[in-house]
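User: Could you go through this model with me? I'd like to start with strand pairing and then move on to other things.

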Number of protein chains: 2
Amino acid sequence: MTTQHGSEMAATGEPNRFAPIIRFDADAPLPLDCGAELAPWDIAYQTYGTLNQDKSNAVLVCHALTGDQYVANRHPVTGRDGWWTTIVGPGRPVDTDRYFVICANVLGGCIGSSGPTSINPATGAPYGLDFPVITIRDMVRAQARLVDHLGIDQLFCVIGGSMGGMQVLQWAASYPERVFSAVPIATAARHSAQNIAFHEVGRQAIMADPNWHGGGYFTAGAVPEKGLAVARMAAHITYLSEPALHSKFGRNLQDRDRLGFGFDADFQVESYLRHQGSTFVDRFDANSYLYLTRAMDYFDLAAEYDGVLAEAFRDIRTRFCVVSFTSDWLFPTVESRQIVQALNAAAANVSFVEIESDKGHDAFLLDEPEFFQTLTGFLNAAAEKRGLTSDAAREDV
Amino acid sequence: MTTQHGSEMAATGEPNRFAPIIRFDADAPLPLDCGAELAPWDIAYQTYGTLNQDKSNAVLVCHALTGDQYVANRHPVTGRDGWWTTIVGPGRPVDTDRYFVICANVLGGCIGSSGPTSINPATGAPYGLDFPVITIRDMVRAQARLVDHLGIDQLFCVIGGSMGGMQVLQWAASYPERVFSAVPIATAARHSAQNIAFHEVGRQAIMADPNWHGGGYFTAGAVPEKGLAVARMAAHITYLSEPALHSKFGRNLQDRDRLGFGFDADFQVESYLRHQGSTFVDRFDANSYLYLTRAMDYFDLAAEYDGVLAEAFRDIRTRFCVVSFTSDWLFPTVESRQIVQALNAAAANVSFVEIESDKGHDAFLLDEPEFFQTLTGFLNAAAEKRGLTSDAAREDV
């Protein structure tokens, strides 16, 4: 399938484990917020379900920092199930029997879309730090081109958590007519000083690793695994809550019945974190981690509108469902309230639900029945408004 | 001055910029919780004020993780003022015109007391990771030997915040008769899973630095500065609060008026953190950081008493003042409440004050008038009970 300027790379005969991938060539560059243009550029994606005749049932899922396009199917690197099978699938809140679900690897990522691991046409080697610094708006601009390519004018819904939620907000601001409904989850309209600080620690950990080689580790034949693992460990703490850590691990010892008086992992929580760090490096690129954290740090939606967030949503007809979780201290409820206040100030159609959970920021990825019910209810009502009511849906409502 | 087994190293003719240092030789080993004995061993300390005739006015200040004995005078490495001049000094809550204040560098530290930078008599080289893993109780045992050496039976007060507060609690549990009053501040009776997790990230950052050389960097002629800086940066975030970071830095840019689209420190908060990391390595030893964080992780006072914290304080006559700060998320008020509940269950004499502050954990080091008033009030009342009432004190009350 080709439309306009994009073409499936598989059609060119290149094998790629992250296919399908759409390539946009030199005649279709991607303009970026930094002022540069990217060409050629790729976007890798997965779809689930069937696009209906009038192309009105498409749901775009936006993934978080370390997520990817494998929302609801097996990941080709890890062999694990999709990262959001709780939400996306047959009979799930985002019901693939009903909706056509699209998820693309973000620009700057490392799972098939253009990013620092891509080949720089100017050198024939991976970009590394020569890849332009990208923004959430750039990611969304790239996704819009994919949606064009798929021949879809308006998305029924754009949904995502954390960095994915930032993309949802940017979609609504940049392309309000193309977003019938929007679900920003566990997110913020701008990245806080504390979150920038945590990201900076992760970046410094990567850049402190001598195997990073100023970002040129591909050509140096090394990988900054230790630095990336430390970055992941630091970040992972922020995804959980103190109560979750306490109930999951407490001060329990790992494979021993007394303190070891050494620097091995005495405590289960240490062992768990080390595991999180060491498995992450197998599936993620260190430079991508720099770029994507930077894009989040740079996100400040109101800044595009002279600091007035409500202006981002002026005259918008999109239906919003804003979701936060009580124990999320990375993107606390107060951040969601600011989004809701701006939407209210813009007279937008918005519902807001704070879900009681002790699972921290990661709650949006986990088993949270109240969250599932919220999504199902919102999407069913929106589908009815959009004229998507199917027999299956009528049974639901 | 020498008593029993300790002797001032200055008397042996060895110059040391951290003097005074008491050396305990092979005839006075320090037994450790790990089962080993340390000999010889040193403890470096500072004193302020004058010990009264009956030696009843001594206050022991216990320092936090990255603190040292320079409470209220110039630090010989950094040239900066003492770390607690808000609290300790003439006319301050811990009034050096009235009390004889002692502060020792903790065991495992790097400012003159025995630690991994000390010479291992078995090899003639610095211990590195051959230094035994020590505990908060070991630190307190060493301090008790110093207090013996100074000829003091009972301390009028033992006071400290964070890791210092852990030592205060351990002092009261191990030597209740020697502690007339105790002020544990911004601390906990056991280190939480989340706090262990943050420490583990810091340790992994240090150990990931190839200059660490398995702890043997002294002989390798290298210093794991980058790893230690990352550890400090991660920890530093936990010492502040999100509101403090927001009001101090927000999303303000550093030395620029627009985003740099790169990985330099665009934001002030990044620049601040980098500065915290880079200055820390000039005054602190990476292995000491491993040992002291480990000691904190291992702290679980109730574990010595079959898990019943109140048993640690059975029949205690010490007067307690427990202090927490509202925005401290590293040692939140709930941790102090658990200490207070245990003290109440032991029918101990305890007052508890939660100070309203947006400064996070670091509040105990900063300008907090309500905190100062709390300490002054508690210490004045305790001094009166102890018969320390001076003319100056009478004017105060």
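Analyst: In this predicted model, strand β7 (residues 58-62) of chain A pairs with strand β10 (residues 100-104) of chain A in the parallel sense, over four bridges, and within that pairing Val61(A) stands opposite Cys103(A).

User: And how does β7(A) pair with β11(A)?

Analyst: That pairing is in the parallel sense too, with four bridges linking β7(A) to strand β11 (residues 155-161) of chain A, and here Val59(A) has Cys157(A) opposite.

User: Is β7(A) enclosed or open, and why?

Analyst: β7(A) is largely enclosed by the rest of the structure, because five of its five residues are buried. Both faces are covered, with Ala58(A), Leu60(A) and Cys62(A) on one side, and Val59(A) and Val61(A) on the other.

User: Which residues touch the most others in the largest nonpolar core?

Analyst: Val59(A) and Val59(B) do, in a core of 266 residues; this core takes at least three residues from each of domain 1 (2-191 + 300-396) and domain 2 (196-293) of chain A. Leaving aside residues up to four places away in sequence, the contacts of Val59(A) include Val94(A), Tyr99(A), Phe100(A) and Leu155(A).

User: Switching topic, how many residues of chain B are in contact with chain A?

Analyst: There are 42 residues of chain B in contact with 42 residues of chain A. On the chain B side, α3(B) gives the most, with eleven residues, and by class that side has 24 nonpolar, seven polar and eleven charged residues.

Key
Residues are numbered from 1 along each chain as its sequence is written. Chains are lettered from A and ligands numbered from 1 in the order in which they are written. This is a predicted model: local features need pLDDT of at least 70, side-chain atom pairs count only at pLDDT 80 or more; totals for chains, interfaces and linings use all residues. A nonpolar core is a set of buried Ala, Val, Leu, Ile, Met, Phe, Trp, Tyr and Cys residues joined through C-beta atoms within 7 Å. A residue is buried if 20 or more other C-beta atoms lie within 10 Å of its own, exposed if 12 or fewer, and partly exposed in between; C-beta atoms are placed from the backbone. Domain bounds come from an automatic or database domain assignment. Two residues are in contact if their C-beta atoms, placed from the backbone, lie within 7 Å. Helices (H or I, at least four residues) and strands (E, at least two) are DSSP runs, numbered from the N terminus. Ala, Val, Leu, Ile, Met, Phe, Trp, Tyr, Cys and Pro count as nonpolar, Asp, Glu, Lys and Arg as charged, and the others, Gly among them, as polar. Two strands pair if DSSP finds at least two bridges between them.
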